[in-house]
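User: I would like to learn how to read a structure like this one. Please take me through it feature by feature.

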Amino acid sequence: MTWYLICAILAVGLWAVIALPNLIRKIVGLSMMNTAVILFFVYQGSLDSTSPPIVTDGSVDPSLVADPLPQALMLTAIVVGICIVAVALVIAYKLYERFQTLDVRELERMIWKAEPDEPK
Amino acid sequence: MNLSDPVLLIALPLAGSLISLVGKLLKREIVPCIAASVLVALSAVPLTVQAATVFAGSVLSSQLGGWGPPVGIGLRMDALAWIASAMIVGIGSVVLLSSFAGGEYRSRYFFFATILISGMQMVTLTDDIFTMFVGFEIIAIAAYLLIGFDQTDAGLLASLKYLILSTVGVLFFLIGVFLVYRDVGSLSISGIATAVRESGLANSRSIHLAVATLCVGIGVRTAFIPFHTWLPEAHAYAPHPVSALLSGVLIKVSLFAMLRILRTFEATYLNEMLLWIGGLTAIVSVVVALSQSDLKRLLAYHSISQMGYILAAFGAASAASYTGLYAHAVGHGLFKSLLFLAAGEIIHVTGTRNVYEMRPIGRSHPYLATMLIVGALSIAAIPPFVGFVSKQLATGAVGTPAVSYLLWATSVGTVASFVKVGRVALPGQQLASGGASREQGQAQQGSPLHDESFVNDNTSGGDRSTRIAPPSAIAMAILATACIAAGIYGERLAVSLSGILAGGGHDAAVEVEATRHAGADTTSYEPSDLYKGRKLLETLLIAALGAAVYALATSKRGHTITERISAIRPQLGSVLLFFVAGLSLFALFAYV
């Protein structure tokens with residue numbers, strides 16, 4: 001069941017990226033997809049056990065704690081995802097400042113009409 | 001310091017980026033930029049030290065910080081990684097050198113450019129697929145910012161479109177990583193290889209799906225059909241040196257990563273499809289390229305088309321075709337970065353991006369014209385330039401007749417469109433009609449444009465518009481020399497390349513030889529046949545046909561067709577639909 005839920009999040013994110021013309025919504029869609037992929041990993045890691053893989057005193061039986069590797073990997077993936085979203089928002093903001101619209105079809109129409117002929 | 005540690009190749013450019021970041025605080029920003037470029041160029045030292053070991057067939061590996069798998073990050077360098085790495089260092093330093101021209105690009109630019117180079121080394125050298133994902137994202141962030149660096153409208157939009165498409169792609173890559181982790185339990189490439197071999201997992205459906213998603217993720221970066229749609233804009237509207245770096249190196253680095261993954265999973269069932277995708281990519285994008293009037297868009301489409309050759313060579317899956325693949329990847333890296341650098345200067349000199357409106361520069365800028373001609377002859381595969389050798393190796397090894405006809409037709413198209421470009425290099429005062437109208441156009445919009453270049457470098461005054469800056473001239477000279485030298489010594493290089501591929505710590509080429517599919521040409525291919533008469537005659541025929549196609553395309557009827565083709569511009573919506581189509585195609589193959 002959980003797998004289907006995560007897949008649904010992924011699908012909704014993909015749908016937002018593909019179908020919604022608004023740039024901010026597209027970026028939100030990207031973020032949702034990113035979350036879904038992170039959930040894949042973290043959920044997989046928690047299948048065996050959900051107790052945190054933290055060593056407090058002495059040793060810990062590895063079979064009794066959640067798999068720490070996916071969590072560690074996803075920490076990196078979260079950071080990467082945030083960077084991407086930040087860059088995307090900056091570029092979207094720049095475009096909005098210039099053209100006063102976030103509709104990607106409008107943007108494409110306006111920018112392509114003014115063919116960038118000059119070098120700079 | 002241990003010079004044979006591959007981590008140096010990642011660390012040196014990274015240190016360079018740190019220097020240029022700190023250098024932002026200094027008054028004279030050029031000093032840290034030079035230091036950063038020197039650090040990148042210094043990577044050649046560990047490369048030379050490592051060359052002997054790697055070519056002898058052994059593998060250099062290193063564990064970052066002494067942490068072993070599965071926790072630590074492992075690096076692994078074999079002969080193939082060495083070739084890719086050398087390409088990154090070589091072309092990367094030359095491109096950095098050319099970025100000094102004009103004085104527009106300073107520490108911020110060098111910061112991102114060195115990070116890009118470091119990320120490419122990471123993707124090339126890493127031994128686990130999660131680090132590969134991180135490397136791809138490092139490359140990506142640097143690339144997004146570099147594409148939009150000049151902050152032109154088109155550049156920003158291209159950057160955002162690339163961002164959206166490639167982030168979706170890389171998320172699918174991450175899903176592939178997840179499937180691999182779930183089913184194989186290991187993320188290191190060598191670990192996966194042994195696990196797959198021993199457990200027979202290679203034929204399970206979820207592994208096929210994993211391979212499909214991994215390929216789709218990298219496919220977006222590699223830009224073959226149907227994932228190519230972002231490339232023309234991103235490469236055309238990026239700053240000129242960035243275009244050279246992206247087109248020359250980046251797409252090959254992604255391709256090499258994909259090949260590594262396909263070999264790791266022994267995914268030979270994809271070969272046939274890749275062969276056809278390669279052929280189609282080559283022919284379709286060359287037709288579109290022929291229709292372009294924007295010089296840099298034209299070159300960008302040719303990049304896709306040349307990637308088609310490389311992919312087809314991979315799909316052919318024989319030892320000879322692997323030689324062709326690597327030869328053409330390196331060759332294309334050389335001449336395409338030369339072409340982009342020359343194109344940048346030409347756009348600067350003539351003040352237009354439109355090929356039809358450019359005035360011939362042969363008389364006013366003979367040096368630049370020569371560089372353009374060298375690049376154009378190389379990509380058109382005219383002997384004795386490097387393109388001739390590498391393209392012969394790549395196409396000669398494709399055994400499936402239908403695909404080799406496609407590639408053959410592509411060569412004709414390439415010649416035709418570079419006749420168009422090469423015309424710019426002709427001597428002559430003015431182009432009959434286009435030149436005159438351009439003069440008027442310049443009179444109208446010329447003045448603010450020239451003012452800008454006056455402001456940009458006060459020292460040389462308006463000289464910049466007529467003279468090529470020395471760094472850029474030297475960079476082009478290096479690339480041009482490499483193109484000619486690699487062409488002349490092509491046979492010898494090809495022989496040693498196939499030697500490396502056959503013996504150099506890389507068993508996959510031999511393996512695949514056994515599983516080569518039935519349609520492939522089984523006669524062994526001798527690189528020493530290159531300069532024999534038949535090939536030369538064939539080239540002559542291709543050149544003649546190319547000129548004829550050019551004449552057709554510029555005739556009245558041809559012109560309406562090309563206008564129509566070049567008016568097709570993939571909108572973001574259709575770009576994403578292309579992506580989904582490609583994803584389904586790969587997934588379908590996974591389940592067949």
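User: What radius of gyration does chain A have, and what would a compact globule of 120 residues have?

Analyst: This is a predicted model, where local features need pLDDT of at least 70, side-chain atom pairs count only at pLDDT 80 or more, and totals for chains, interfaces and linings use all residues. Residues are numbered from 1 along each chain as its sequence is written, and chains are lettered from A and ligands numbered from 1 in the order in which they are written. The radius of gyration is taken over C-alpha atoms, and the globule rule is 2.2 Å times the number of residues to the power 0.38. A compact globule of 120 residues would come out near 14 Å, but chain A has 21 Å. The C-alpha trace of chain A spans about 65 × 35 × 20 Å along its principal axes.

User: How many helices and strands does chain A have?

Analyst: Helices (H or I, at least four residues) and strands (E, at least two) are DSSP runs, numbered from the N terminus. Chain A has four helices and zero strands.

User: How many residues of chain A are in contact with chain B?

Analyst: Two residues are in contact if their C-beta atoms, placed from the backbone, lie within 7 Å. Here 36 residues of chain A are in contact with 40 residues of chain B. On the side of chain A that touches chain B, α1 (2–19), α2 (23–45), α3 (68–99) and α4 (104–113) each supply at least two residues. The largest share, 15 residues, comes from α3(A).

User: Which classes of residue make up that side of chain A?

Analyst: Ala, Val, Leu, Ile, Met, Phe, Trp, Tyr, Cys and Pro count as nonpolar, Asp, Glu, Lys and Arg as charged, and the others, Gly among them, as polar. The side of chain A that touches chain B has 25 nonpolar, three polar and eight charged residues.

User: At what angle do helix α6 and helix α7 of chain B pack?

Analyst: Axes are lines fitted to C-alpha atoms, for helices over the stretch in contact, and angles run from 0 to 180 degrees between N-to-C directions. Helix α6 (residues 129–147) and helix α7 (residues 153–184) of chain B pack at about 175 degrees, with their axes 10 Å apart. Angles under 35 degrees count as roughly parallel, over 145 as roughly antiparallel, 65 to 115 as roughly perpendicular and the rest as oblique. Therefore α6(B) and α7(B) are roughly antiparallel to each other. The residues of their contact divide into 15 nonpolar, three polar and one charged.
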